[in-house]
Amino acid sequence: MTYQAKLRVWRGDAEGGGLRDYTVEVNEGEVVLDIIHRLQATQAGDLAVRWNCKAGKCGSCSAEINGRPRLLCLTRMGDFSEDEVVTITPMRTFPVIRDLVTDVSYNYEKAASIPGFTPVARDADGEHRMQQVDVERSQEFRKCIECFLCQDVCHVVRDHEDNKKVYAGPRFLMRIAELDMHPLDNLDRRKVAQENFGLGMCNITKCCSEVCPEGIHITDNALIPLKERVVDRKYDPLTWLGAKIGRRPHP
Amino acid sequence: MADQAVEKHFYDVVVVGAGGAGLRAAIEAHEQGARTAIVCKSLLGKAHTVMAEGGIAASMGNVYAEDNWRVHFRDTMRGGKMLNHWRMAQLHAQEAPDRVRELEDWGALFDRTAAGLISQRDFGGHRFARLAHVGDRTGLELIRTLQQRVVQLGIDVFMECTVTKLLTTDDAMVGAFGYRRESGEFIVWQAPSVILATGGIGKAFKVTSNSWEYSGDGHALALRAGATLVNMEFVQFHPTGMVWPLSVKGLLITESVRGEGGVLKNSEGKRFMFDYIPEFFKAETADNEEEADRWYDDHTNNRRPPELLPRDEVARAINSEVKAGRGSPHGGVFLDIASRRTPEDIKKRLPSMYHQFKELAEVDITKEPMEVGPTCHYVMGGVEVDPDTAAAKIRGLYAAGEVAGGMHGSNRLGGNSLSDLLVFGRRAGASAALYAAEKKATPPEVTDDALAQARQEALAPLERQGGENPYAIHAELQNTMNDLVGIIRTAGELQQALDKVAALKARIANLSVEGKRRYNPGWHLALDLPNMLTVSECVAKAALERQESRGGHTRDDFPKPTPEWGALNLICSSSDGAVSLTRQPLPQMPDELATLFQETT
């Protein structure tokens with residue numbers, strides 16, 4: 001049951017670093033985060049890693065395991081053979097702070113730049129009324145634990161640092177879709193999605209959906225429908241006419 | 001010298017902690033016009049509130065129109081075995097519905113009733129279906145809603161910063177001192193008002209549903225600054241934590257599994273909870289399976305299943321079954337929803353439980369029962385506060401949420417935590433802003449000496465060579481608390497625990513860590529450890545003193561509650577690092593509320 005696993009962990013900081021080899025004990029049922037903790041407690045007390053709930057609910061322990069973006073707490077050691085070297089590196093899309101911890105402030109800046117929720121007034125009796133079927137579309141996106149693995153894997157920013165300025169990434173395009181589909185939200189978000197957050201740069205390769213630990217259908221249920229709505233707006237004859245004669249188009 | 005520099009900020013209100021209570025407090029303080037900052041140990045949106053699953057208790061009456069605040073108040077007091085501060089329980093029950101409704105104005109999307117209102121589900125100890133929820137991820141919805149509101153309002157958030165010391169002058173708050181985890185640089189927030197919203201203490205225990213952040217920081221900071229703690233002997237062991245695999249032992253399984261029809265069975269296949277119905281709850285609890293099963297569809301003509309007794313009762317019953325040799329293979333009991341609901345229903349109502357067992361234990365809960373056992377979940381005890389203002393015993397210091405005491409008495413009902421965060425978070429924010437406005441003319445001053453001292457204390461473990469390893473001491477503390485101050489307690493074991501804690505306290509004076517200041521978890525743990533030891537001492541001391549069993553405090557040597565102890569609170573205070581206890585009479589409930597307890601169910 002218990003065996004010695006071969007681990008290769010990236011150690012270093014913004015100035016540089018590299019992979020370091022470790023041998024760490026593994027017990028039945030353990031996940032990669034358990035092994036990282038054992039490494040900290042016994043061999044590398046200052047090994048930097050973010051984590052909180054260790055239950056796949058907070059989205060803190062994101063990293064790349066054998067090159068694949070994953071949560072350390074939801075990756076079981078049993079997924080690897082006992083003699084396989086397990087390589088753990090920080091998320092590549094974000095600047096490294098130290099070891100497995102990266103600077104994810106890009107995500108917080110994008111979140112802050114999205115126009116906030118703008119609700120309709122309550123009913124006369126002080127309640128908001130919505131049907132379950134209508135809330136479910138946005139509820140799926142609100143399952144997001146903000147692990148930023150989708151942001152990490154998205155090649156629009158992973159391979160092109162410059163795009164970060166003009167592209168919000170799947171997590172925040174999905175946030176715009178969530179607000180757009182929210183039964184109580186009162187803003188038309190189609191124009192900003194396209195012009196300020198780079199919706200058009202997404203070419204629906206679905207990498208984001210594949211790495212989502214919550215199994216959210218980011219591409220199919222959020223990004224594609226949002227793209228369709230943007231197209232509707234752009235090619236709607238009334239909008240076109242309104243724009244032509246210099247009036248503000250009716251949303 | 002650049003290395004001596006401390007980054008300085010000036011605010012009216014500084015909120016320590018960014019869970020539900022902290023975020024709600026900050027929103028209120030900001031809306032009252034206070035310059036407000038939030039300081040949190042993790043990234044924004046990762047606080048322990050995300051772990052809450054079941055829902056927010058509020059007597060909105062959307063499912064059972066006969067529900068109202070008086071029924072909720074009564075359930076809360078009875079669940080806490082009448083040791084709750086009556087005024088907190090009253091404010092909580094009265095204000096919870098409005099606090100839930102305003103979340104919708106900020107974007108929250110709760111599950112709906114057929115009429116389009118917020119749906120409400122059943123939970124232990126609540127007479128009516130009362131928990132506003134989103135599947136079994138209500139905490140995530142709460143934190144995301146408040147987080148997005150905070151961002152929309154433009155409130156300053158200092159992420160990944162730990163507060164190591166509260167700064168006072170003449171027994172009044174002047175600020176908080178801490179460090180940036182990322183760089184190890186020091187930082188001070190000067191402010192007349194500080195709100196503690198730091199959550200609980202569960203990381204002092206080995207088997208716990210709590211994350212690393214739960215190191216009792218707020219409890220210890222308040223105590224050291226001269227405030228008092230109340231009810232510290234009462235620690236809630238949630239009846240249903242995972243027991244296998246060991247890697248996830250203690251991880252929470254939501255009470256909603258039982259609320260949605262799940263039942264507890266022993267190794268003989270018996271629904272054993274019928275054997276553990278206490279006298280106190282006999283009148284409102286079904287004594288046979290038929291009535292219990294009818295209750296899910298008709299609460300008016302049937303009594304509640306015993307699986308939905310308050311958490312302390314269920315946790316003790318599971319403990320007894322395992323001790324009697326009727327446990328499951330890995331030392332728990334069975335929680336069965338598979339034989340009671342369809343796979344579709346289970347996946348729809350309990351999606352994250354389905355996911356959690358599938359991913360972490362390779363168990364399909366639509367086909368097999370879960371193995372469950374008690375896990376340290378919540379501390380009822382906390383900073384002694386004024387119910388209306390959330391003010392602690394030091395001017396300018398406030399506390400809300402789990403770090404505050406009194407609201408839940410000796411045992412908290414499920415669902416009452418999220419509502420507590422909202423109700424008292426808002427109250428703390430409002431009072432802190434008001435107090436700061438009164439102090440406008442005399443801004444707080446922090447001396448260079450105070451900063452130099454706080455800095456020196458924080459750096460000590462890094463400068464020391466060859467001392468004790470913080471990870472090793474933490475493991476010893478967790479084992480001690482788990483084995484000696486756990487769900488069933490005795491005088492002998494509590495005394496042993498106190499001796500052990502005293503020995504560990506001496507050893508942490510000699511902690512040393514490897515590496516430097518930049519994102520160094522060993523150093524971070526070294527600075528959290530003294531807090532865990534302080535709260536552990538409080539818990540063990542108060543547990544030894546209280547010679548009765550009540551709620552989250554069970555003494556094998558004093559197995560019954562007594563009327564004498566039922567009229568007393570234990571208050572912890574500290575001077576020069578030593579914790580002392582005093583007995584304090586319970587606040588007297590006014591007659592119009594007391595009559596609520598004379599009627600029968």
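Predicted model: local features only at pLDDT ≥ 70, side-chain atom pairs only at ≥ 80, totals over all residues.
**Ground rules**

I number residues from 1 along each chain as its sequence is written, and I letter chains from A and number ligands from 1 in the order in which they are written. Local features need pLDDT of at least 70, side-chain atom pairs count only at pLDDT 80 or more, totals for chains, interfaces and linings use all residues, and side-chain values use heavy atoms, with hydrogens and water left out.

**Chain A, overall**

I started with the secondary structure and found 10 helices and seven strands in chain A. Those are DSSP runs numbered from the N terminus: H or I with at least four residues for helices, E with at least two for strands. I then looked up the box that the C-alpha atoms fill, and along the principal axes it is roughly 70 × 45 × 25 Å.

Of the 251 residues in chain A, 57% are buried. My cut-offs are under 20% relative accessible area for buried, over 50% for exposed and partly exposed in between, with a 1.4 Å probe and protein chains only. I also checked contacts (heavy atoms within 4.5 Å): among those in chain A with a separation of 6 or more, 63% join residues 24 or more positions apart.

**Cysteines**

How many disulfides does the structure hold over all chains? I got zero, counting a pair of cysteine sulfur atoms within 2.5 Å as a disulfide. Cys73(A) is in no disulfide, and its nearest cysteine sulfur, in Cys61(A), is 3.7 Å away. Cys73(A) is buried at 3% relative accessibility.

In chain B I looked at Cys161(B). Its sulfur is too far for a bond, because the closest cysteine sulfur, in Cys40(B), is 7.7 Å away. Cys161(B) is buried too, at 2% relative accessibility.

**Aromatic rings**

I noted 15 aromatic pairs over all chains. Rings of Phe, Tyr and Trp (its six-membered ring) pair if their centres lie within 6.5 Å; planes under 30 degrees apart are stacked, over 60 edge-to-face and the rest tilted.

Phe94(A) and Tyr106(A) have ring centres 6.4 Å apart and planes at 35°, so I wrote them down as tilted. Phe94(A) sits in the loop between strand 5 and strand 6 of chain A, while Tyr106(A), 12 residues apart from it, is in helix 2. Phe94(A) is buried at 4%, and Tyr106(A) is buried at 8%.

Is the pair of Tyr11(B) and Phe158(B) stacked or edge-to-face? With centres 6.1 Å apart and planes at 85°, this pair is edge-to-face. Tyr11(B) is in the loop between strand 1 and strand 2 of chain B and Phe158(B) is in strand 7, so the pair ties together parts 147 residues apart in sequence. Tyr11(B) is buried at 10%, as is Phe158(B) at 7%.

I also found a cluster in which ring pairs link Phe177(B), Tyr179(B), Phe186(B) and Trp523(B).

The peptide bond from Trp244(B) to Pro245(B) is cis, with omega near -5°. Pro245(B) lies in the loop between strand 13 and helix 6 of chain B.

Asp99(A) is not a glycine, yet its phi is positive, near 50°. I located Asp99(A) in the loop between strand 6 and strand 7 of chain A, and it is buried at 2%.

Asp171(B) is no glycine either and has a positive phi of about 60°. I placed Asp171(B) in the loop between strand 8 and strand 9 of chain B. Asp171(B) is exposed, at 57% relative accessibility.
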